[in-house]
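Visitor: Could you take me through one part of this model in detail? I would like a close look at the surroundings of the ligand.

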Amino acid sequence: MNFTRKKGLKGEITVPGDKSISHRSVMFGAISKGITEVDNFLTGADCLSTIDCFRKMGIDIELNGQHVVIHGNGLHGLKKPDSVLDVGNSGTTARLISGILAGQRFNCTLDGDASIRKRPMKRIITPLRAMNADIRSINENDCAPLIINGRSLKAINYNSPVASAQVKSCVLLAGLYADGKTCVTEPELSRNHTELMLKGFGADISSEGKTASLNPVEQLYGQKIKVPGDISSAVYWIVAGLITPDSQITIRNVGLNPTRDGIIEVCQSMNGNLTVSNLHTEGGEPVGDITVETSNLKAATIGGSIIPRLIDELPTLALLACFAEGDTIIRDAQELKVKESDRIAVMVNNLKKMGANVEGTEDGMIIHGPCPLTGAVIDSCLDHRIAMTFAIAGINADGSTSIKGAECVNISYPDFYCELQRLFTI
Ligand code: S3P
């Protein structure tokens, strides 16, 4: 797919439903009693993988556009799947579902695509084994495929070495099947959708600072869930609006959970003309509209506790920094190396191809801005967030930019290219 310089991105946009919340709605609905109805569900490939896994375990799930109805079978109602559970490209599915599978009364195998087979699973194997789980990596490399032999679990107090909502959620979900109170403490607070949503389903769960605690209950109960727009999808329009000349974009109904909204803070600190309006709460999650306009940007240093609050937005933030005056330093972001691709290496290589003055570091990158971009052939490495970031780079570069593997945006934002086209033809 090819991109050339554009200006004047104008209009309103609604981004697809939040990926993290969509995954959890299916998982929690499946292990609850009764019906869970979900509106504005993200129908990207990752969330469809979650649906597929639970259908294989006997859960009846109806999918009509963005409306999903899950006929839950209760905490102990999953059935042994007839075949391997295929999580596709989805790390969230792999890690969260492992917590649930560890406490079942059946054995199963979990696998995924080439990227999943490289992603670290030791981070969940270690705490699950401490809970008495029988989980192992078939190739003994601490990656998928994983064999999980469900059995009764012990509660633990886990001090996680990483700020990861996937690890935290995996342990808490296993805790639903454990013999007492399970606590997870993180080095920094990661997204808290599991804590918020499980409470709605009737779990005995609470949070204090960086610790979440859960006591097992007899049963969870189906809920109605309205999924807010995904701030991790909104970021492409936020950055496009800030860097593309003559632009003004309003993104409606974006989830602004304080554990996810670091990008707003950083854009404003970089002098970005970004305002939030119409703030309200939907289903326990804060939601609002974001308006951005073309801005004169300045560099920033981004590190510490804000990193988990914008981890998936960092590749796009690196692009933003190419348009800011001064040196932008991203640090404490070594987690980027173990995402769908090594996002430090892939961003640095591709930005350099476009002529940017950028260097990779052990835990992030330094961007010496402003650096005008020139079109190049970009390898997305089949990482959806890389493909979308470079589409926005391509419309702000001289010459032509082509993206290899551009179709991988299907993972989280199937309509992305249509929406981009629409914004510059309004
Ligand atoms: C997610 C947590 C984050 C994030 C991922 C979704 C989740 O991963 O990067 O896209 O839904 O819990 P980590 O938990 O590995 O930080």
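Guide: Happy to. A polar contact here is a pair of N or O atoms within 3.5 Å; within protein, one must be able to donate a hydrogen and the other to accept it, and residues adjacent in sequence count only if both atoms are side-chain atoms. The model is predicted, so local features need pLDDT of at least 70 and side-chain atom pairs count only at pLDDT 80 or more, while totals for chains, interfaces and linings use all residues. Residues are numbered from 1 along each chain as its sequence is written, and side-chain values use heavy atoms, with hydrogens and water left out.

Let's begin with the contacts. The side chain of Ser-164 places an N or O atom 2.6 Å from an oxygen atom of the ligand. For Arg-24, a side-chain N or O atom is 2.7 Å from a ligand oxygen, and a polar side-chain atom of Ser-20 also lies 2.7 Å from an oxygen atom of the ligand. On its own the ligand has 390 Å² of accessible area, and the protein covers 94% of that (Shrake-Rupley method, 1.4 Å probe; for residues, only the protein chains shown count as cover).

Now the wider shell, where a residue is near if one of its heavy atoms lies within 4 Å. The ligand is surrounded by Ser-20, Arg-24, Thr-92, Arg-95, Ser-164, Ala-165, Gln-166, Arg-191, Ile-311, Asp-312 and Lys-339. Sorted by class, this shell has five charged residues, four polar and two nonpolar (Ala, Val, Leu, Ile, Met, Phe, Trp, Tyr, Cys and Pro count as nonpolar, Asp, Glu, Lys and Arg as charged, and the others, Gly among them, as polar).

Helix H1 (19-30), helix H3 (91-102) and helix H5 (165-175) are the elements that give two or more residues to the shell around the ligand. Helices (H or I, at least four residues) and strands (E, at least two) are DSSP runs, numbered from the N terminus.
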